[in-house]
Amino acid sequence: MTTAHDLAAHLGPALDTRPDALHDVTEDFGHLVRAVPRAVLRPRSVADIQRLLEYAGPRGIPVSVRGGGHSMYGQGQADGGIVVDLRGMGPVGPVTDSQVVAAAGVLWRDVLAATLPHGLTPPVLTDYLGASVGGVLSAGGLGGAGHRHGLVADQVLELEVVTGAGEHRFCSPDRDPELFHTVLAGLGQCAVIVSATLRLVPAPARVRRYCLSYTDLTRFLADQRMLAEEGRFAHLEGQARPADDSRPYLIEAVAPHTGQLPPDDALMLTGLAHDPTAVETTDLSYAEFAHRVDTDEEVLTETGEWLHPHPWLNLLLPHDRAEPLVRAVLADPAFSDLRETGLVLLYPLLSARLRAPLFQRPPGDVLYLFALLRTAPPGSPETAAAMVAANRKVYELARSQGAVAYPVNALPMSDTDWRDHYGSRWQALADAKRRHDPYLVLTRGHGLRF
Ligand SMILES: Cc1cc2nc3c(=O)[nH]c(=O)nc-3n(C[C@H](O)[C@H](O)[C@H](O)COP(=O)(O)OP(=O)(O)OC[C@H]3O[C@@H](n4cnc5c(N)ncnc54)[C@H](O)[C@@H]3O)c2cc1C
């Protein structure tokens with residue numbers, strides 16, 4: 001039996017076992033799963049993480065990393081184990097040669113704050129910048145520039161990691177590629193990401209955002225597909241808005257410009273089937289656009305909803321089944337609350353651009369992110385549980401039509417689900433897990449069992 005005293009003796013002052021410290025990491029953004037660890041480690045060096053894993057592995061103590069804490073269903077928790085809080089470790093920078101080294105616990109908003117003064121940005125950003133570098137890279141990272149550039153994880157040039165076996169390693173597409181491709185979009189199974197070298201591209205001074213309304217799902221999806229394949233816009237997302245009976249679909253398309261030379265609106269919107277009487281056009285600085293979800297966070301924090309349970313579900317739909325699946329889910333009474341509250345994202349990606357091998361996607365050239373982002377009332381665990389059960393039902397329906405989960409969800413997944421999710425890659429992942437995390441202690445919160 002390992003005592004708190006043993007642990008403290010081995011890991012020193014970086015280890016925190018105070019009840020307040022444990023309480024702070026028992027829940028995540030989802031507020032659906034509670035798990036109390038025995039300690040929180042705030043590493044001051046890579047050696048602290050190595051010492052932890054050398055200690056925890058042979059003793060079978062679960063270890064998880066917490067970055068921004070925005071998991072939905074306990075993915076970053078370590079029940080009875082040790083949570084590594086990476087937030088205090090390491091800065092961003094310096095920016096050199098159109099790249100930057102970011103410590104994994106840093107939030108994307110801090111990455112952008114370091115790169116924008118150099119006129120540079122990561123090519124793909126997620127909508128929300130409050131997640132950590134490590135958290136997004138371990139999921140993959142989807143954003144509106146994905147149809148052009150792929151995943152956030154596809155922009156990584158090199159990783160610094162500590163494997164589950166406690167080895168400190170550097171890897172890239174040329175140096176130890178097996179480890180590199182096992183860590184990116186690898187759900188934290190094989191290693192703790194310590195830092196990442198990120199590719200940067202010139203940031204536009206300003207952007208013009210077009211919000212295009214659609215009455216018809218078939219035309220909406222056809223236009224999204226065309227725009228993704230053409231790459232006409234730098235950023236392409238969309239929403240279904242079940243509460244809007246007259247124009248229930250919206251494309252958000254964004255074009256960069258210099259300020260002096262704004263885009264030609266007629267040219268940008270040519271050939272599209274949106275309602276021309278309802279086009280909304282907004283000019284923003286690039287930074288304002290990148291931080292657009294900050295305002296939602298502020299408003300929802302004020303109303304309290306930011307801290308309510310979030311039974312979110314993100315699915316990747318194959319192009320040829322997207323329309324019936326979207327119709328079926330939006331007509332399902334279990335999702336009728338989306339008429340009053342919440343958000344439904346629906347936007348296209350091109351499979352060939354998504355390069356991280358462990359990022360699972362449906363068959364076909366074009367796929368759609370279909371994200372059902374709902375909030376459950378506080379103090380009603382039965383309602384939250386019913387919403388998670390509804391997620392499960394939709395997942396099963398979508399999977400039967402070739403869809404896959406983007407695994408950042410409030411969705412319990414069984415061993416069979418995970419094997420099905422990884423398909424022919426399952427065995428390679430299981431082999432990598434045994435090689436790099438031989439005691440199987442890392443990131444158990446996703447529920448993968450090897
Ligand atoms: C408001 C909001 C908006 C979002 N928008 C998007 C979006 O547009 N696109 C998108 O792709 N996702 C989006 N997400 C999902 C989000 O990117 C993922 O949930 C991400 O994993 C959260 O990272 P985190 O650091 O905040 O979370 P954590 O809960 O801290 O970590 C998430 C997972 O990553 C693991 N992990 C964290 N750091 C490391 C590390 N250094 N090494 C290894 N494993 C690590 C954790 O153990 C855990 O399993 C959004 C989430 C929220 C709450």
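Predicted model: local features only at pLDDT ≥ 70, side-chain atom pairs only at ≥ 80, totals over all residues.
Residues are numbered from 1 along each chain as its sequence is written, and side-chain values use heavy atoms, with hydrogens and water left out. Local features need pLDDT of at least 70 and side-chain atom pairs count only at pLDDT 80 or more, whereas totals for chains, interfaces and linings use all residues.

The chain is assigned to domain 1 (4–86 + 437–446), domain 2 (88–202), domain 3 (206–290) and domain 4 (304–415); such bounds come from an automatic or database domain assignment. The centres of domain 3 and domain 4, taken over C-alpha atoms, lie 23 Å apart. Between these two domains, 17 residues of domain 3 are in contact with 17 residues of domain 4, contact meaning heavy atoms within 4.5 Å.

The size of an interface is often given as the accessible area lost when the parts come together. For domain 3 and domain 4 the buried area is about 1,700 Å², with carbon and sulfur atoms giving 62%; this is the accessible area (1.4 Å probe) that two parts lose on being put together, summed over both. Leu221, Arg225 and Pro242 supply 32% of the area that domain 3 buries against domain 4, more than any other three residues.

One salt bridge is counted between domain 3 and domain 4, the term denoting a side-chain nitrogen of Lys or Arg within 4 Å of a carboxyl oxygen of Asp or Glu. Asp245 and Arg339 pair through their side chains in a salt bridge (3.1 Å, N to O). Helix H8 (217–230) and strand E13 (235–240) each supply at least two residues of the side of domain 3 that touches domain 4; helices (H or I, at least four residues) and strands (E, at least two) are DSSP runs, numbered from the N terminus. H8 gives the most to that side of domain 3, with eight residues.

The whole structure holds 30 salt bridges. Asp16, Arg18, Arg42, Asp85 and Arg87 are linked in a network of them. Asp16 is buried at 8% relative accessibility, as is Asp85 at 6%; buried means under 20% relative accessible area, exposed over 50%, and partly exposed in between (1.4 Å probe, protein chains only).

In helix H13 (residues 381–400), Arg392 and Glu396 are separated by about one helical turn because they are four residues apart. Their side chains form a salt bridge (2.8 Å, N to O), and Glu396 is partly exposed at 40% relative accessibility.
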